[in-house]
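Biologist: I am new to reading models of this kind. Please take me through a few features, with the general idea before each case.

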Amino acid sequence: MRHGSDQDLFSQTAHSPSFFDLSRKLGDGARDLVDFCIPCNPYFPTPDMFAELAQNLEGVLKFYPSANETIANRLAKVLQLNPSTIAMSNGSTELITWMDHLWTTSSIAVPIPTFGRWTDQPMETGKRVDMFLLQESEGFALDVDEYIRFIRARGSRVAVLCNPNNPDGGYVPRREVLRFMDELSDLDLVVVDESFVDFVEIEPGASVAREATIRPNVVVLKSLGKNFGLHGIRFGYLVANPALARKMAQTLPNWNLNSLAEAVVFMLADHVQAYEDSLSRLAMDRYRMTMELSRLPELHVFPSQANFLLVKLENGANGTDLRDHLLSEHQVFVRECGNKLGMTSQFLRLVVRPEQDVQRLVAGIRHFSHGRWADQREQRLVSVPTLLARNVS
Ligand SMILES: Cc1ncc(COP(=O)(O)O)c(C=O)c1O
């Protein structure tokens with residue numbers, strides 16, 4: 001069934017339209033929508049966990065959540081971190097906002113492309129944003145030494161490193177991140193955004209959160225929406241030395257966490273194995289999906305350690321056309337990256353999803369290419385008589 005897409009939906013913000021906006025627009029068609037846009041763990045929480053949450057929903061929604069320290073203490077226990085080294089927030093975007101207000105006084109270095117708030121937030125508050133362009137020819141890999149040289153040359157006072165990076169999924173090995181932190185110990189702040197680090201498979205224990213707690217100027221940022229598959233309840237946290245973590249915790253508003261977030265945090269300890277299993281399944285899906293998409297001659301797939309894959313459309317095909325085709329003809333929702341700094345409309349970010357969903361995506365891409373190919377062929381056929389007519393006259 002064909003459903004129209006609304007261009008306005010895609011031009012309202014630098015981010016994707018929400019699933020809710022899209023669902024309202026599509027009406028009945030939303031029932032079949034497959035979301036390759038928002039990078040979310042499809043295997044966690046498990047159906048049993050959702051059932052447990054649903055059973056307790058009335059109580060959860062009727063009452064105030066506990067104080068932030070109570071929730072943070074519980075999370076710290078699950079993560080085996082010292083509670084004095086964490087500050088919890090209503091989504092990690094809240095922390096990006098407050099880090100800018102508290103600790104970015106003049107300038108910030110950010111590799112691009114990356115998550116838009118890292119450049120938009122400081123620009124909105126009048127800071128200088130030193131953008132370090134990751135090169136497509138290098139597969140968007142971050143060369144730590146070159147980035148450090150760039151930071152020194154610009155005199156940036158704060159530096160961000162997103163690992164793995166969004167939208168390409170590129171991963172910087174742990175020892176390189178540690179070196180980056182150590183070389184920049186004189187900056188006002190070094191932020192390592194580890195929103196997607198739990199999806200890393202290439203090396204065990206990829207996070208540098210523990211190391212951040214014993215450094216003077218390092219903050220590690222986590223967004224729990226992605227790995228715990230719960231964007232809607234909005235939770236994230238930072239890990240840093242106790243002075244930095246306390247400063248942030250004291251700055252954040254009281255009751256910035258909601259009761260659903262609290263309920264989930266208190267469930268986690270009983271579901272550690274299910275969480276680990278979800279990550280293994282996702283890594284398997286990522287491998288399969290990479291293979292599957294790499295077979296399509298119209299795509300170039302970049303290697304990723306996150307729960308999404310960046311692809312480039314070959315032969316100048318336009319990602320906006322493909323996005324609209326997939327949505328209207330196949331009810332497949334993808335992220336076209338034309339509005340990301342350092343990207344063009346030829347790039348799409350595709351969330352890692354189970355095999356049957358990938359089959360639908362692949363069929364949609366094939367259908368789109370076939371249509372394009374047929375259009376081009378038709379144009380060629382039309383242009384032959386036109387040419388002949390021109391030659392005759
Ligand atoms: C790298 C990165 N950091 C932080 C965020 C913000 O996440 P949230 O505010 O949903 O926790 C995102 C969202 O996509 C992201 O990609």
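Biologist: How many bridges join E10 to strand E13, and do they run parallel or antiparallel?

Modeller: First, the ground rules. This is a predicted model, in which local features need pLDDT of at least 70, side-chain atom pairs count only at pLDDT 80 or more, and totals for chains, interfaces and linings use all residues. Residues are numbered from 1 along each chain as its sequence is written. Helices (H or I, at least four residues) and strands (E, at least two) are DSSP runs, numbered from the N terminus. Strands of a sheet pair through backbone hydrogen bonds, either parallel or antiparallel. Two strands pair if DSSP finds at least two bridges between them. Here, 5 bridges join E10 to strand E13 (residues 347-351), and the two run antiparallel. Within that pairing, Val-311 stands opposite Leu-348 of E13.

Biologist: Which strand is joined to E10 by a hairpin?

Modeller: Strand E9, through 6 residues. E9 (residues 299-301) pairs with E10 in the antiparallel sense over 3 bridges, and His-300 has Lys-312 in E10 as its bridge partner.

Biologist: Why is strand E10 described as largely enclosed?

Modeller: Burial is a count of neighbours. A residue is buried if 20 or more other C-beta atoms lie within 10 Å of its own, exposed if 12 or fewer, and partly exposed in between; C-beta atoms are placed from the backbone. In strand E10 (residues 308-313), 5 of the 6 residues are buried, so the strand is largely enclosed by the rest of the structure.

Biologist: What is the strand order in the open sheet of 7 strands?

Modeller: The order is E2-E8-E7-E6-E5-E3-E4, with mixed pairing. Strand E2 (86-89) and strand E4 (128-133) are the edge strands, each pairing on one side only. From one strand to the next the twist averages 20°; axes are lines fitted to C-alpha atoms, for helices over the stretch in contact, and angles run from 0 to 180 degrees between N-to-C directions. Inside the sheet, strand E6 (residues 189-193) and strand E7 (residues 218-223) run parallel, joined by 4 bridges.

Biologist: Which residues surround the ligand?

Modeller: A residue is near a molecule if its C-beta atom, placed from the backbone, lies within 6 Å of it. Asp-193 is one of the residues around the ligand, and others include Phe-115, Cys-162, Asn-166, Ser-223 and His-231. The shell divides into 2 nonpolar, 9 polar and 1 charged. Ala, Val, Leu, Ile, Met, Phe, Trp, Tyr, Cys and Pro count as nonpolar, Asp, Glu, Lys and Arg as charged, and the others, Gly among them, as polar.

Biologist: Where is there a cis peptide bond involving Asn-166?

Modeller: Most residues other than glycine have a negative phi, and most peptide bonds are trans. The bond joining Asn-166 and Pro-167 is cis, with omega about 25°. Pro-167 is in the loop between strand E5 (158-162) and helix H9 (174-183). The peptide bond from Phe-44 to Pro-45 is also cis, with omega near -10°.

Biologist: What is the phi of Phe-140?

Modeller: Phe-140 is not a glycine, yet its phi is positive, about 65°. It lies in the loop between E4 and helix H8 (144-154). Phe-140 counts as buried because it has 24 C-beta neighbours inside 10 Å. Arg-234, in the loop between H11 and E8, also has a positive phi, near 60°.
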